Amino acid sequence: MTLGDAVEPLVHIKNFRMDFGETTVVKDLSFDVRAGETFGFLGSNGSGKTTTLRALLGIYQPTAGTLHIGGKVFEPRDGARLGYLPEERGLYKKEAVLDVMVYFGRLKGLTKHKARTWSQTYLERVGLADKAAVRLDKLSGGQQQKVQLGVTIMNDPDLLILDEPTKGFDPVNRRLLMDIIEEQKLAGATVIMVTHQMEEVERLCDRVILLKDGTSRAYGTVAEVQDQFGGTMYRLGYEGVLPASDLYDVVRDADGQAELAPAAGADETAVLRELIGAGVAVRSFATARASLEEIFIQVYGEQHEMAEV
Ligand SMILES: Nc1ncnc2c1ncn2[C@@H]1O[C@H](COP(=O)(O)OP(=O)(O)OP(=O)(O)O)[C@@H](O)[C@H]1O
């Protein structure tokens with residue numbers, strides 16, 4: 001069975017708990033990743049993301065709970081169609097870039113020719129064509145990371161697990177790597193991505209989980225998480241006087257610009273009708289949501305406040 005044949009969800013984690021000695025770092029964590037989706041695995045430093053991925057891949061023995069890929073506990077021999085970019089990068093540093101890539105390509109079942117041509121094309125794409133014959137340890141950290149991402153995706157895995165794939169990249173290279181990951185997604189791969197870059201999440205992820213202190217704080221589509229924290233706001237440019245209404249709360253109102261928080265069940269049409277009916281001249285009207293970054297700071301900020309108690 002290949003990973004792609006799995007009955008949904010592709011990844012199933014239920015009541016996962018992880019203790020290291022006396023310390024519990026993940027407690028009662030449950031979530032699913034569906035085949036074909038890109039899933040953002042988010043959370044503050046030390047919240048248990050890498051630990052969860054390691055337990056999912058059998059590197060750690062979970063203290064309790066179920067961690068399944070394709071309906072069963074992961075075993076290394078199932079890994080042919082799985083690409084894992086670990087947080088700690090590790091390739092043979094004393095070998096030449098192209099040789100390392102071809103070596104791993106062969107391990108992943110590619111022919112030597114395919115591994116070589118794929119790697120050359122990839123190195124060209126990521127601006128490292130002139131480094132093909134250079135020893136890996138002569139490359140910068142970001143350049144080495146590009147090579148490692150190439151090794152991770154070269155056999156077009158069905159499931160890609162990426163632990164901070166763009167960590168340490170400048171904005172141009174980050175965008176390039178996001179493009180490459182997006183291509184894998186569009187080609188049908190399921191992607192689990194740990195990242196602290198919320199704009200990457202908003203661009204790529206279908207659903208997310210936000211971990212805090214080893215447990216889920218928010219879980220769902222980006223829009224659902226946004227709804228959960230702050231929800232939708234209406235930004236209004238107007239002339240006239242805003243009427244009091246059961247349909248919304250006026251959050252901010254100055255110089256003909258207002259922010260309205262709609263009441264449960266109120267929608268744009270109803271609010272606009274109410275405003276226009278009351279003689280307000282609406283110049284502009286837009287819906288806006290709390291950004292993931294704002295939500296992250298909200299959740300993470302609480303943690304600091306708690307720590308200070
Ligand atoms: N092998 C280990 N032994 C003991 N404690 C560990 C071990 N691995 C991780 N931890 C602890 O578990 C907690 C969670 O670590 P983890 O690496 O999973 O966090 P993370 O969410 O991936 O963080 P970051 O965003 O900083 O990478 C941390 O407090 C860490 O010190």
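Predicted model: local features only at pLDDT ≥ 70, side-chain atom pairs only at ≥ 80, totals over all residues.
Axes here are lines fitted to C-alpha atoms, for helices over the stretch in contact, and angles run from 0 to 180 degrees between N-to-C directions.

**Helix pairs**

Start with helix α2, residues 97-107, and helix α4, residues 141-153. Their axes come within 9 Å and cross at roughly 20°. Angles under 35 degrees count as roughly parallel, so α2 is roughly parallel to α4. The crossing is right-handed. Which residues meet here? From α2 come V97, V100, M101 and F104; from α4 come V147, G150 and V151. By class, this contact has six nonpolar residues, one polar residue and no charged residues.

Helix α2 also packs against helix α3, residues 112-125. The axes of α2 and α3 come within 9 Å as well, but they cross at roughly 130°. That angle makes α2 oblique to α3. The crossing of α2 and α3 is right-handed. On the α2 side, the contact uses V97, L98, M101, V102, G105 and R106. On the α3 side, it uses K112, A115, R116, W118, S119 and L123. The contact of α2 with α3 has seven nonpolar, two polar and three charged residues.

The table sets the two pairs side by side.

| Helix pair | Axes come within | Crossing angle |
|---|---|---|
| α2 and α4 | 9 Å | roughly 20° |
| α2 and α3 | 9 Å | roughly 130° |

**The four-stranded sheet**

Now turn to the strands. Strands of a sheet pair through backbone hydrogen bonds, either parallel or antiparallel. In what order do the strands of the four-stranded open sheet stand? The order is β11-β12-β10-β13, and the pairing is antiparallel. Strands β11 and β13 (281-289) stand at the edges. Each has a single partner strand, so one side of each is left without a neighbour in the sheet. The twist averages 25° from one strand to the next.

Take the pairings one at a time. Strand β10, residues 232-239, runs antiparallel to strand β12, residues 257-262, and four bridges join them. Within this pair, L236 stands opposite A258 in β12. G237 has Q257 in β12 as its bridge partner.

On to the pairing of β12 with strand β11, residues 248-254. How many bridges hold this antiparallel pair? There are six bridges between β11 and β12. Strands β11 and β12 form a hairpin with two residues between the strands. In that hairpin, D255 takes a positive phi near 55°.

A helix covers this sheet. Helix α8, residues 268-277, lies across β10, β11, β12 and β13. It runs at about 155° to β13.

**The three-stranded sheet**

A second open sheet has three strands in the order β2-β1-β4. Its pairing is antiparallel. The edge strands are β2 (23-33) and β4 (64-69), and each pairs on one side only. Neighbouring strands of this sheet are turned by 25° against each other on average, direction ignored.

Strand β1, residues 11-20, pairs with β4 in the antiparallel sense over five bridges. V11 stands opposite I69 in β4. Helix α1 packs on this sheet and touches β1, β2 and β4. The direction of α1 makes about 115° with that of β1.

**Around the ligand**

Helix α1, residues 49-56, also has a part in the shell around the ligand. Which element gives the most residues to that shell? Helix α1 does, with three residues. The residues around the ligand are F20, V25, G43, N45, G46, S47, G48, K49, T50, T51 and E87. By class, the shell divides into two nonpolar, seven polar and two charged residues.

Notes
Residues numbered from 1 in each chain as written. Near = placed C-beta within 6 Å. Nonpolar A, V, L, I, M, F, W, Y, C, P; charged D, E, K, R; others polar. Pairing = 2+ DSSP bridges. Parallel < 35°, antiparallel > 145°, perpendicular 65-115°, else oblique. Left-handed = near helix turned anticlockwise from the far one by under 90°. Contact = placed C-beta atoms within 7 Å.
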